[in-house]
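Keep the 3D view open as you read.

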Amino acid sequence: PLVTSKEMFQKAYEGKYAIGAFNVNNMEIIQGIVGAAQLEKSPVILQVSAGARKYANPIYLRKLVEAAVEDTDLPIVLHLDHGENFEICKACVDDGFTSVMIDGSHLPFEENIALTKKVVDYAHGRGVVVEAELGRLAGIEDAVRVEEKDAAFTDPDQAVEFVERTGVDSLAIAIGTSHGAFKFKGEPRLNFEILEKITELLPNFPLVLHGASSVPQEFVELTNQYGGKVPGAQGVPEEMLRKAAKFGVCKINIDTDLRLAMTASIRKAFVESPEVFDPRKYLGLGREAIQNMVQHKIRDVLGSSNTL
Ligand code: G3H
Ligand code: 13P
Ligand code: ZN
Ligand code: NA
């Protein structure tokens, strides 16, 4: 069924694992993710960005997710990723989403609180849960470029005040991750002291890690080998994600790894089988690559297998 993340976060918190939140843009991506979740008997969050709504047209995505719900017996959350204003959050609540993110992380503290509170009031009145964000990730956040010098870790005391005053259900924090395929120039580093502190100050409260793709080198190499160009791409080591899940982190966001898995496999197919022009052949391979990647993620990194 389509569910909110309330119960799955509670169980994940107690079991010290995390639920994967995967960005969806088309049928093959949805089927790959849901197929993996089924094999692993894991709940899953399918998240839709403003860009995804624009690309696919909101109704197509909603109907595809409905199909996934009907086709499986999995608890699935339909979540808005990085809602930038009240209107888009309202539209998604009205549209049947079970969870929305209001991203006021670029706003001054008081304005972020006011905006988040407004979304919480609307969503909670309709049985929908809300994620907010405090602190600023470096990188690209839905068309807004945050330069590295403007990035800021989440302040633990502010996090407590923010959660108390907004009544939000989960909070995305900035501890050194960033969106996209180029997360670290040198050694990957996350600020686990801040994560530990926030977890201590907000016991039993679900935290969210954005920008959490691992950028598997296997996909980077395949992409580069078959005519692509993503030199130096680097993500969050899997070990760090496992560690984050031991703290308050209950939701781990992944988009880039889906893009890389699909692109690498399609590039390879094009080069190896230039005579093929049936989209089902190469999109099918892309779907399979996504399923394998997500299955590995759920089983070996997030730890949410067999938790239904
Ligand atoms: O945080 C951004 C996600 O990767 C979604 O990206 O806005 O290009 O759909 P998008
Ligand atoms: P990645 O770019 O690391 O996959 O992060 C995705 C994300 O945070 C979506 O909100
Ligand atoms: Zn994000
Ligand atoms: Na956790």
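**Starting from a buried glutamate**

Glu-133 has 26 other C-beta atoms within 10 Å, so it counts as buried. Bear in mind that you're looking at a predicted model. Find Glu-133 in strand β5, which covers residues 129-134. Set aside anything within four places in sequence, and Glu-133 is in contact with Asp-103, Gly-104, Ser-105 and Ala-172.

Asp-103 sits in the loop that runs between β4 (99-102) and α6 (109-124). Is Asp-103 buried or exposed? It has 24 C-beta neighbours inside 10 Å, and the threshold for buried is 20 or more, so Asp-103 is buried. Skipping residues up to four places away in sequence, Asp-103 touches Glu-133, along with His-82, Gly-83 and Glu-84.

So much for the geometry; now for the record. An unreviewed UniProt entry lists Asp-103 and Glu-133 under "binding site". The two are spread over 31 residues of sequence, yet they cluster in space, with a largest C-alpha distance of 5.5 Å.

How many residues surround ligand 2? There are 13, and the closest are His-210, Ser-213, Asn-253, Asp-255 and Thr-256. The elements giving two or more residues to this shell are β3 (76-83) and β10 (249-254).

Note on methods. Residues are numbered from 1 along each chain as its sequence is written. Chains are lettered from A and ligands numbered from 1 in the order in which they are written. This is a predicted model: local features need pLDDT of at least 70, side-chain atom pairs count only at pLDDT 80 or more; totals for chains, interfaces and linings use all residues. UniProt positions are given in the numbering used here, feature names are shortened, and annotations may be inferred rather than shown by experiment. Helices (H or I, at least four residues) and strands (E, at least two) are DSSP runs, numbered from the N terminus. A residue is buried if 20 or more other C-beta atoms lie within 10 Å of its own, exposed if 12 or fewer, and partly exposed in between; C-beta atoms are placed from the backbone. Two residues are in contact if their C-beta atoms, placed from the backbone, lie within 7 Å. A residue is near a molecule or strand if its C-beta atom, placed from the backbone, lies within 6 Å of it.
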